[in-house]
Amino acid sequence: MPLRASWRVSRMLRGKILLSAGLQCCRCEVSRSVRRHYSFLPDDVKSLRAVVNPDISKIRNIGIMAHIDAGKTTTTERMLYYSGYTRALGDVDDGDTVTDFMAQERERGITIQSAAVTFDWKSHRINLIDTPGHVDFTLEVERALRVLDGAVAVFDASAGVEAQTLTVWRQAEKHHVPCVCFLNKMDKPAANLSFSIESIKRKLKANPVLLQVPVGCGKNFSGVVDLLTNQKLTWKQRSMAEDGRMFESKPLDQSDDPELLQEVAEARAALIEQVADLDDEFAELLLTDFSDNFDAVPSIKLQEAVRRVTLARKGVPVLCGSSLRNKGVQPLLDAINAYLPAPDERHHDLVRWYKDDLCALAFKVLHDKQRGPLVFLRIYSGTLKPQSAVHNINRNSIERMSRLLVPFADQHVEISSMTAGNIALTVGLKQTVTGDTIVSSKASAAAAARRAQSDGRAEKKRGENTTGVILSGVEVPDPVFFCTIEPPTMSKQADLENALNCLQREDPSLKVRVDPDSGQTILCGMGELHIEIIHDRIRREYDIETHLGPLQVAYRETILNEVSTTDILDRTVGDRRHVVNVELTVRPVDISSSGSSCEIDFTEELAAQLSPETKEAVENGVNSSYLQGPLLGCPLLGVSTLIQSVNMEPGTSPTMVSACLSRCMLKAMKLAGGQVLEPMMSLEVTVEEEHLGSVLGDLAQRRGTVRDIQSRHDSKVLLANVPLADMMGYSTILRTLTSGNATFSLALDTYETMNPQDQNTLIKRMAGLL
């Protein structure tokens, strides 16, 4: 929109719209209150077989994401109840929710693994995934957002943006997922709308678009006013037994609280101004058709503009309510339909090369004792049918899918087919793992690759023209803790290996390796709770009483200097001589820019000369060297390797090429000098002011660095960075220091260099000298 027009809209909106909005609210036609309720009764529970199967434009694939204890699972439970798919309202504290079906989830009252449910709401099919809020299970959020089209970010209205909220929000941004914000727990005494909105702006760097104003606050919270329609929605609960299924909807009128009328008028004026600034089409509509009275713009036009703003990720709609008190969830469901995208509104370039052929991504695997591996698939194109053969591009294998199911937590219903845009659960795919691309056949994969190549927009990767176009998989974070795991007797070793293989397939963030020196099995995970849950699952699900060794931090290493080196391998095996001569340069790179992976580059001349087989052997040799640093043998971060020359005698095997590269890399690492990196956690502690000094003193002993101390209502919020190694058992210590009157949350922040004194102490301890 031209600058002059934008300035004109803003100025006009800031002026007379406030008055016109207020008058409009007062002039609303006073009509009899309409009590809305839904036709089905609590006893009439819908069957999954009756889920609507609409056009792709009416499908919504969404995730619920938030910080731990913000109310994700409670919100999901209300959605299922109001849509008619459950008979009663489940409660996290009672351990009877639909999506928290694991024994560990019900005992602890937290979500551990993501759960998918399918239901319909007002002629729309909603495929919803409830995700965990604990930092140890962040992979569950990552792989859910990889396949979803939209997300609902749930906030505790008394706390605003919290530590894990930042993490899941960054994950949503990485996958370009449009979001709707739901300010939950508006019934809490400390709930604060303006504080929550400001924290979204400041911490998430997002543009909140407020669509509702709460009616009442704290225990007097009774409903919301819809700023688009000026309708007041009220849940009048006369007893705790009322389930919120029935609520009143009526237009605002002069009999309402004058302060509420004024607040709504100002909020609606701000909404119209904000949307006009973000959407050129809406601004043009205001200037041409409603220049005399902006507030007269039809609500449907404002809703369409908010939808465009949301899909373009220029702003995030904000709604409010209290899921536990059964208030505000139905308008949230309406907002999901109205503002979040349909599958065909998300642009997946790779998928259009498959046209009407099947193309799906496996994003989660579960193990069922009766049915075997259950694989969750997001279908991007084509149709999925049971008893059909499919081609796994990543494994280069053909598998037969025996059954096709609609997911509903741990209860599933078999169906005859599933179309593009949906999330399906399959039985029979025994080799498929998280991140694999599933297509109908090798021929369709090759045809898609040819279309991509001719289109000129696909990256030219080795083998692409024959194997097909592969969907990007799920990025798995590196483990931060490890410990040994042993079976009770050697006769149980095979059973333990089988259990660990199944659990690794379910959870790619769980890593298992065997120590080459001791022969012990090493369990690597994302945190104390993660490893504790794995240990408990092995006991319950596989009936193996294992023993865990002490928990240790998974450190990383990097190099200090840039070094160039060469190496020659000359070896005769049998009657065959293998000769390799390599030259390479290693250099340190900024960890924040390189992420968690190291880099491999070739000179342009060398890249053109090497055959694909030799190039793969070189990459294998370098990557194997990245797994062991020069100081502690920990994996490397922030290292870039440039391969300058690779010369071989005819007949030299790829294995010898890899061995030569590994040896050359080891030499280069030792010459470059090593540096230990330790995982740093972002810590947020909410504590009463009288205990603040004790908490600060304890953090100083843990090598913590305080970033900020904020006030939140009657408490203090302490923000700090603390080494993960010093956070073991912190919850117990914090309870002791504050008499149980404090809460804290952790999120992995980054890896930082360890100071020389601490590094030397660690090296000696790891070597058994301390």
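In which strand is the place of Thr686? Thr686 sits in strand 33, which covers residues 674-688; strands here are DSSP runs of E with at least two residues, helices are runs of H or I with at least four, and both are numbered from the N terminus. At 18% relative accessibility, Thr686 counts as buried, where buried means under 20% relative accessible area, exposed means over 50%, and partly exposed is what falls in between (1.4 Å probe, protein chains only). Setting aside neighbours within four places in sequence, Thr686 touches Arg712, Ser715, Lys716, Val717, Asn741, Ala742 and Thr743, with contact meaning heavy atoms within 4.5 Å.

A word on what sits behind these values. This is a predicted model, so local features need pLDDT of at least 70 and side-chain atom pairs count only at pLDDT 80 or more, while totals for chains, interfaces and linings use all residues. Residues are numbered from 1 along each chain as its sequence is written, and side-chain values use heavy atoms, with hydrogens and water left out.

Now for the overall picture. The protein has 22 helices and 36 strands. A compact globule of 770 residues would have a radius of gyration near 27 Å, and the 29 Å found for the protein agrees with that; the radius is taken over C-alpha atoms, and the globule rule is 2.2 Å times the number of residues to the power 0.38. Along the principal axes, the C-alpha atoms fill a box of roughly 100 × 65 × 60 Å. Of the 770 residues, 56% count as buried. Among contacts between residues at least 6 apart in sequence, 74% join residues at least 24 apart. The protein exposes about 33,800 Å², and carbon and sulfur atoms supply 48% of it, going by the Shrake-Rupley method with a 1.4 Å probe.

Next comes a helix pair. The axes of helix 18 (residues 612-625) and helix 19 (residues 654-672) come within 8 Å and cross at roughly 35 degrees; axes are lines fitted to C-alpha atoms over the stretch in contact, with angles running from 0 to 180 degrees between N-to-C directions. Helix 18 contributes Glu613, Ala617, Val618, Asn620, Gly621, Val622, Ser624 and Ser625 to the contact, and helix 19 brings Pro654, Val657, Ser658, Leu661, Ser662 and Met665. With 44% relative accessibility, Glu649 counts as partly exposed. Glu649 and Val579 are 70 residues apart in sequence, yet their C-alpha atoms are 5.4 Å apart in space.

Loops elsewhere are worth a look too. Asp436 lies between strand 21 (423-427) and strand 22 (437-439), and a relative accessible area of 1% makes Asp436 buried. Its contacts, leaving out neighbours within four places in sequence, are Ala360, Leu361, Ala362, Asn392, Asn394, Arg395 and Gln431. From Asp436 to Arg395 the sequence gap is 41 residues, and the C-alpha distance is 7.8 Å.

Most residues other than glycine have a negative phi. Arg313, though not a glycine, has a positive phi of about 60 degrees. Arg313 is in the loop between helix 9 (299-311) and strand 12 (316-320) and, at 36% relative accessibility, counts as partly exposed. Gln387 is not a glycine either, and has a positive phi of about 55 degrees. The loop between strand 15 (383-384) and strand 16 (388-392) is the place of Gln387, which is exposed at a relative accessible area of 52%.
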